[in-house]
Amino acid sequence: MKQVLGIYFGGLKHTVICGAFLGLSLFTNAQIERVEPPNWWVGFKNPSVQLLVKGDDVGELTPSVESSGVTIVKVHKADSPNYLFIDLNIAPSVKAGSFDIVFKNGRKEKERITYELKQRDKSSDQFEGFNSSDAIYLITPDRFANGDTSNDVRVNMNEKIIDRKNDYGRHGGDIEGIIQHLDYIESMGFTAIWPTPLLTNDMPESSYHGYAITDFYEVDPRFGTLEDYKTLSQQVSHKGMKLIMDMVANHCGSYHWWMKDLPFKDWVNQQEAYETTGKVKNSNHRRTTNQDLYASKIDKKEMSEGWFVPAMPDLNQRNPFMANYIIQNNIWWVETLQLGGLRQDTYPYPDKEFMGKWAGAIMTEYPNLNIVGEEWSVNPLLVRYWQTGTPNKQGYESHLKSTMDFPMQEAIVKALNEEETWGTGLVKMYEGLANDFVYTNPESIMVFPDNHDMDRVFTQLKENIPHTKMALSYMALMPRTLQMYYGTEILMQNTAKPHDHGLIRTDFPGGWDTDAVNAFTGNSLSAEKKDMQQFVKSLLNYRKQSKAIHEGSTMHFAPENGVYLLSRNLGDETVVLIINKNDTAQTIGLDRFAELELEGKSMTNILSKEKIVWERNVTLPAKGILLLSTLNTF
């Protein structure tokens, strides 16, 4: 008989067997604190997994496995005596189940853990990633909806209070809040959800956003539990939507559990300086050093090895154990949550050779998944560099399907804010879209009006509602995947404090029981906000079923006299967007657009459902859009 105890590894319960021989003795001081990944699966293409084992003086022990199909290939000691890294090989014949790993000191058994290999729920090629048919709803969970007030405060965590008056404090939004409003998200026409990171950020302050992770295998208990996260994924899937997880390979939070006892002398960048003086350099943020043929070594080093901010230690992906840790962690989450895609934060900042291997490992295991990387550059040549299959002089292959279209976002805002001349105004949108010739797959790129790190688009567009509708409709029709930030549909803004992240991430009205305004139900929502909400709903629900927008050909006509036309076509479906920036209604001749082959065809206004016939001319509303489809019913 042996004693079986339950302890928590990375927030997940595992069985640890501490004792032997008829249960007559127990080890009172268990050495092993955590094993990561906390479990693995059979049936992966890659049969290997590397376990990080953490515990007091565990480096002095010798592990062995009791399994006929699982073998230890190699055991690696770390610089710290409190770690072991164990390379396992899982034979193709191994079935799902558990096996024991025994840790001995000489001949004496010191500890025994039971490790689980699970059966996969579906095969690799059944994981379907987001694509150009999707409209993604980006959520900052702490600011969206508080569905479970019982998890608002955790007294054992560093930040212990909820303060909705503090823009940089925690407000109490959680996973349950998202689950309770999936009907709203679906009804608006969104097909995928991207929450900012939901993993533990046990920092003293201002970590509500989720990007200062202190445990890569644990859901932040103020957001909920792992089971809550799984439920969210299941409910999203049941509604025919996809769940995207926000990953952070570049950094962790300074209160991460390993920062008190780093495994290797090079686990984080600038580690010696951090451990001796506590003073480190921030990144120079010169992202062009990744592509620059003439970049100095010091500029490259300060870019990739500088810390993003002082509270976020910069992970050293050149350390092979760190590299394995990140890759396996991300695969673990894809498999655990049955994800529909990944978003990688600060994509150009980590070691770029590692990022290619990271994306390659994930896409090899999940060939139909998708990953979008954040490259905050307005130069399309820099964004282009990171997309898979793009030729470059360095011979670099990123394996990354999707990048974020910051260049087009800026072009659209400039186009709508500028006065109309031959070289300003709508021509900026026209020329921005014309730059698609540089991209290998422009339809795989993600366009967006705003996000959690930039001013709300309504603020960027000087609170001009017609211009906001122009921007949203244009992005919805472009050959792109579309992402929209929560609240954009109700004109949320941060005009009082431009660039203030706390205000950008304002609470969604109605997400808290005490809110006087409820945007989910429309209660007390202003008429102009309701109008915009209905506009987005009509736009996205048409987009959801439009094959022409998902995969059709694109044609646009150079702007003239403040009027610009964009069209998408596939088979019998043609969608036409005409933007009129003039302050007065305009009647325009249609002869110039003869290439669309629409003459005499009946068309339906997507927003108003009115019918028109495409003949010699059409009247455009003042300062507005005309959005037409050849489909009669939708």
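Author: Let us begin with confidence: pLDDT is the predictor's confidence in each residue, from 0 to 100. The model here is a predicted one, its mean pLDDT is 94, and 95% of its residues reach 70 or more. Over residues 1-28, however, the pLDDT is below 50, although this stretch has 68 contacts in the model beyond near neighbours in sequence.

Reader: How should I read the packing of two helices, and at what angle do H3 and H6 pack?

Author: An α-helix has 3.6 residues a turn, so residues three or four places apart point the same way. In this structure helix H3 (residues 226-238) packs with helix H6 (residues 320-337) at an angle of about 65°, and their axes are 9 Å apart. On the H3 side the contact is made by Leu-226, Tyr-229, Lys-230 and Ser-233, which meet Trp-332, Trp-333, Thr-336 and Leu-337 of H6. By class, this contact of H3 with H6 has five nonpolar, two polar and one charged residues.

Reader: How many aromatic pairs does the structure hold, and how is the geometry of a pair judged?

Author: The geometry is judged from the ring centres and the ring planes, with planes over 60 degrees apart counted as edge-to-face. The structure holds 44 aromatic pairs. One of them is formed by Tyr-217 and Trp-332, whose ring centres are 5.2 Å apart and whose planes are at 80°, so the pair is edge-to-face. This pair links distant parts of the chain, since Tyr-217 is in strand E14 (residues 215-219) and Trp-332 is in helix H6, 115 residues apart. Both Tyr-217 and Trp-332 are buried.

Reader: Where is Trp-257 found, and which residues does Trp-257 touch?

Author: Trp-257 is found in the loop between strand E16 (245-247) and helix H4 (271-276). Its relative accessible area is 18%, and because buried means under 20%, Trp-257 counts as buried. Leaving aside residues up to four places away in sequence, Trp-257 touches Arg-34, Glu-36, Leu-52, Lys-54, Tyr-83, Thr-214, Asp-215 and Tyr-325. Among these contacts, Arg-34 lies over the face of Trp-257, at 4.2 Å from the ring centre. A second case of a charge over a ring is Lys-122, which lies over the face of Phe-127 at 4.5 Å from the ring centre.

Reader: Which residues of H10 are buried, and what covers them?

Author: In helix H10 (residues 427-434), the residues Val-427, Met-429, Gly-432 and Leu-433 are buried. Their cover includes helix H9 (406-417) and helix H12 (465-477), together with strands E22 (553-560), E23 (563-570) and E24 (573-580).

Reader: For the backbone, which residues does a cis peptide bond join, and where is a positive phi found in a residue other than glycine?

Author: For the peptide bond one reads omega, which is about 0° for the cis bond that joins Glu-36 and Pro-37. Pro-37 has its place in the loop between strand E3 (32-36) and strand E4 (40-41). Turning to phi, Gln-270 has a positive value near 60°, and Gln-270 is found in the loop between E16 and H4. Gln-338, also not a glycine, has a positive phi of about 55°, and its place is the loop between H6 and strand E17 (342-344). Gln-270 is partly exposed, with a relative accessible area of 23%, and Gln-338 is partly exposed too, at 21%.

Methods. Residues numbered from 1 in each chain as written. Predicted model: local features only at pLDDT ≥ 70, side-chain atom pairs only at ≥ 80, totals over all residues. Heavy atoms only, no water. Axes fitted to C-alpha atoms, helices over the stretch in contact; angles between N-to-C directions. Helix = DSSP H or I, 4+ residues; strand = E, 2+ residues; numbered from the N terminus. Contact = heavy atoms within 4.5 Å. Nonpolar A, V, L, I, M, F, W, Y, C, P; charged D, E, K, R; others polar. Phe/Tyr/Trp six-rings, centres within 6.5 Å; stacked < 30°, edge-to-face > 60°. Buried < 20%, exposed > 50% of the residue type's maximum accessible area, 1.4 Å probe, protein only. Lys NZ or Arg CZ within 6 Å of the ring centre and 35° of its normal.
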